[in-house]
There are 2 protein chains.
Amino acid sequence: MKKQVTIKDIAKLAGVSVATVSRVINGNGRYSKDTEERVLRIIKEHNYSPNMLGKGLRTNKTNTIGIVVPDITNEFFARIIQEVEKNLFRAGYTTLVCNTSENPELEKRYLEVLNLNRVSGTIYIAGDTRVKHEEPRGIPAVYIDRWPSTTRKDIVFIESDNFEGGRLAAQEMLKCGCRRIIFLTDERRTSAHQSRCEGYIRAHREFGVVPDERFIIGLSEISFDAAYNEVIRLIDNNVKFDGIFASTDWLALGSLVALESRGIKVPEQVKIVGFDNISISKHCSTPITTINQNVTQMGELAVDLLLKLIDGKEIDKKYYVLPVELVKRSTT
Amino acid sequence: MKKQVTIKDIAKLAGVSVATVSRVINGNGRYSKDTEERVLRIIKEHNYSPNMLGKGLRTNKTNTIGIVVPDITNEFFARIIQEVEKNLFRAGYTTLVCNTSENPELEKRYLEVLNLNRVSGTIYIAGDTRVKHEEPRGIPAVYIDRWPSTTRKDIVFIESDNFEGGRLAAQEMLKCGCRRIIFLTDERRTSAHQSRCEGYIRAHREFGVVPDERFIIGLSEISFDAAYNEVIRLIDNNVKFDGIFASTDWLALGSLVALESRGIKVPEQVKIVGFDNISISKHCSTPITTINQNVTQMGELAVDLLLKLIDGKEIDKKYYVLPVELVKRSTT
DNA sequence: GTGAAAGCGCTAACAG
DNA sequence: CTGTTAGCGCTTTCAC
């Protein structure tokens, strides 16, 4: 339990005042080239690094960013976290991770905690839309994936082009000749899923076909099992369909396994397109055609915007749509 | 940007000194039932919550725990993080996540940052064994999964019973009649993988068979592709085998897809057992038999131990081995 | 160019 | 039981 070396020690060692050391550290000017060198050398020699708590207390700023995410075990979110955290770390920030498990109550408490810890900013990855965020201290924030419901104005929001994704997915199957395409989605109709649905409808219109409304199926849970059970139900109820657009790769996989278990051939009899391009879609026995979201770009942009907000810079655009692409594999 | 209410405001409002408010907040006694009620009421009324920075600076303690993990997108690690974070949050701690990407250099820098931020403790999930951790301030730490190489003595370490897992896996296949079982593992021979290997050998011995040394294959990378390529190579080189024990579910899946792509029937011709029981093993088209690690228990125990360490309590045991179990599915 | 000093919000002696 | 006070490590006026 060795004592940490503080700015005072450095000052004494360098024969200057703490003020000067502070100036040198923060590059605030008003010191001679000579002292700068000396102070820097001593700092290095003694492996000194400033105590973030003292600094934070004084400046009322920490170098910590809160990141709120509904489910860290979801690979798609995990990859966003990874990107965000990587970029943040490079910029000298640390990341406080808050896993809300899609639980509004938990999410609310996390926001309090982030506030207590005086985070410099927040990145919301797909929060639950039903939560009204209270953000009294006006902490800068960037939202990703789902349009938030918050008391804040001037929301900075990033999402993939979900509409285009939905359109591409349906188009791919329509091109292959499908005419009865099931759309498996989230019954909560979050903004992202809603847009995908609209893209799905648009594609149909472009092909001059009117999608059966009953083919748009809202699941109460986004999971393998939910999709599996639903598809089994469809088959057993003798519903005729020749394509499934699953608004998540896990749903696509659930569908695929359900079909295969009933002896239905994919892609010969039924085609499938997923969404997100998580690794499972590539590595299952029948690799799934899916829509890729550019996670890297998302993470970079989010961090870039957040840091600008923190620095009080003006942001030219508040709303960003990132391009998606169709990844063609074996289910179409 | 409303001004935060501080302990001073509460003191003034309640007509007491800040010291008294502090005592009430921390339950340090030495105040009357009467003042306690009043202070608590005012706190609630004004929605006050103490500034963690001031507190941390003063006590030289934060309520933050650093969690170092090699790959957050690995579902197994993500689940541990989830559990750890959940339990930590309940106990009033926040979690600083450090994703090292198995990069020793990055890991080192993360340790510095954790130190700068004066975390109260650290949980290491499977760090890279080649890194010598420097932990000058003696921050309490709990290690999980891989035995660390650190300057610290008195390491608190938790792992699954990897030996038993390896034994169960091999035993399962031997029971099914397999006699030529490939073991796909990490060439770096981390403690966990090493133990699984020993279990694998033990099981063979119990069945009176001597495993071919060439069947123990160290992969330079733990991924679907690595396993896929290796198994393809084995098949093309005409190596005869009737079972694969993959020390990770992703390796098992890669093996499975490789076999199927060559028209080899699983489990009829070759049996497979994986490790970790991540969701992919359950949900692929041929569900994979695997060894389950009890992630929930791991997370709980890790947090429990860490909090004890932080509170300066003595820990009776330094080394914990958690039971594993065979989850029988369709590949055996 | 540099230093002295105030103070960020909080806790912990110490004195009463 | 309660208040006064010193100071945690740092930044930032303000003077010189």
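A polar contact is a pair of N or O atoms within 3.5 Å; inside protein, one must be able to donate a hydrogen and the other to accept it, and residues adjacent in sequence count only if both atoms are side-chain atoms. Everything below comes from a predicted model, where local features need pLDDT of at least 70 and side-chain atom pairs count only at pLDDT 80 or more, while totals for chains, interfaces and linings use all residues. Residues are numbered from 1 along each chain as its sequence is written, chains are lettered from A and ligands numbered from 1 in the order in which they are written, and side-chain values use heavy atoms, with hydrogens and water left out.

View 1. Chain A is split into domain 1 (7-50), domain 2 (59-161 + 295-324) and domain 3 (162-292), with bounds from an automatic or database domain assignment. Contact (heavy atoms within 4.5 Å) brings in 14 residues from domain 2 of chain A and 16 residues from domain 3 of chain A.

View 2. The interface of domain 2 and domain 3 of chain A has one salt bridge, meaning a side-chain nitrogen of Lys or Arg within 4 Å of a carboxyl oxygen of Asp or Glu. One salt bridge to zoom in on in chain A pairs Glu102(A) with Arg188(A), and the closest N and O atoms there are 3.3 Å apart. There are also nine residue pairs in polar contact across the interface of domain 2 and domain 3 of chain A, both partners at pLDDT 80 or more. On the domain 2 side of chain A, α5 (75-90) and β5 (156-160) each put in at least two residues that touch domain 3; helices (H or I, at least four residues) and strands (E, at least two) are DSSP runs, numbered from the N terminus. Helix α5(A) gives the largest share of that side, three residues. Sorted by class, the side of domain 2 of chain A that touches domain 3 has three nonpolar, two polar and nine charged residues. Here Ala, Val, Leu, Ile, Met, Phe, Trp, Tyr, Cys and Pro count as nonpolar, Asp, Glu, Lys and Arg as charged, and the others, Gly among them, as polar.

**View 3. Chain A against chain B.** Each partner brings its share to this contact, with 50 residues from chain A and 50 residues from chain B. The area buried between chain A and chain B is about 4600 Å², and carbon and sulfur atoms give 63% of it. In chain A, Leu53(A), Phe89(A) and His283(A) lose the most area to chain B, together 16% of what that side buries. You'll find zero salt bridges between chain A and chain B, but seven residue pairs in polar contact, both at pLDDT 80 or more. Elements giving two or more residues to the chain A side are α4 (52-59), α5, β2, α6, α9 (224-236), α10 and α11 (279-283) of chain A. Helix α5(A) gives the most to the side that touches chain B, with seven residues. By class, that side of chain A has 23 nonpolar, 17 polar and 10 charged residues.

View 4. In chain A, a cis peptide bond joins Val266(A) and Pro267(A), with omega about 5°. Pro267(A) is in the loop between α10 (249-261) and β9 (271-273) of chain A. Over in chain B, the peptide bond from Val266(B) to Pro267(B) is cis, with omega near 10°. Pro267(B) lies in the loop between α10 (249-261) and β9 (271-276) of chain B.

View 5. Ser101(A) isn't a glycine, yet its phi is positive, near 50°. Ser101(A) is in the loop between β2 (94-99) and α6 (104-116) of chain A. This serine, Ser101(A), is partly exposed at 43% relative accessible area (buried is under 20%, exposed over 50%, partly exposed in between; 1.4 Å probe, protein chains only). Arg189(A) likewise has a positive phi, about 50°, without being a glycine. Its loop runs between β6 (181-186) and α8 (191-206) of chain A, and Arg189(A) is partly exposed at 37%.

**View 6. Ser281(B) and its surroundings.** Ser281(B) is in helix α11 (residues 279-283) of chain B and is buried, with a relative accessible area of 1%. Its side chain makes a polar contact of 3.2 Å with that of Arg329(B). Leaving aside neighbours within four places in sequence, Ser281(B) is in contact with Asp249(B), Pro287(B), Ile288(B), Thr290(B) and Arg329(B).

Methods:
Buried area is the accessible area (1.4 Å probe) that two parts lose on being put together, summed over both.
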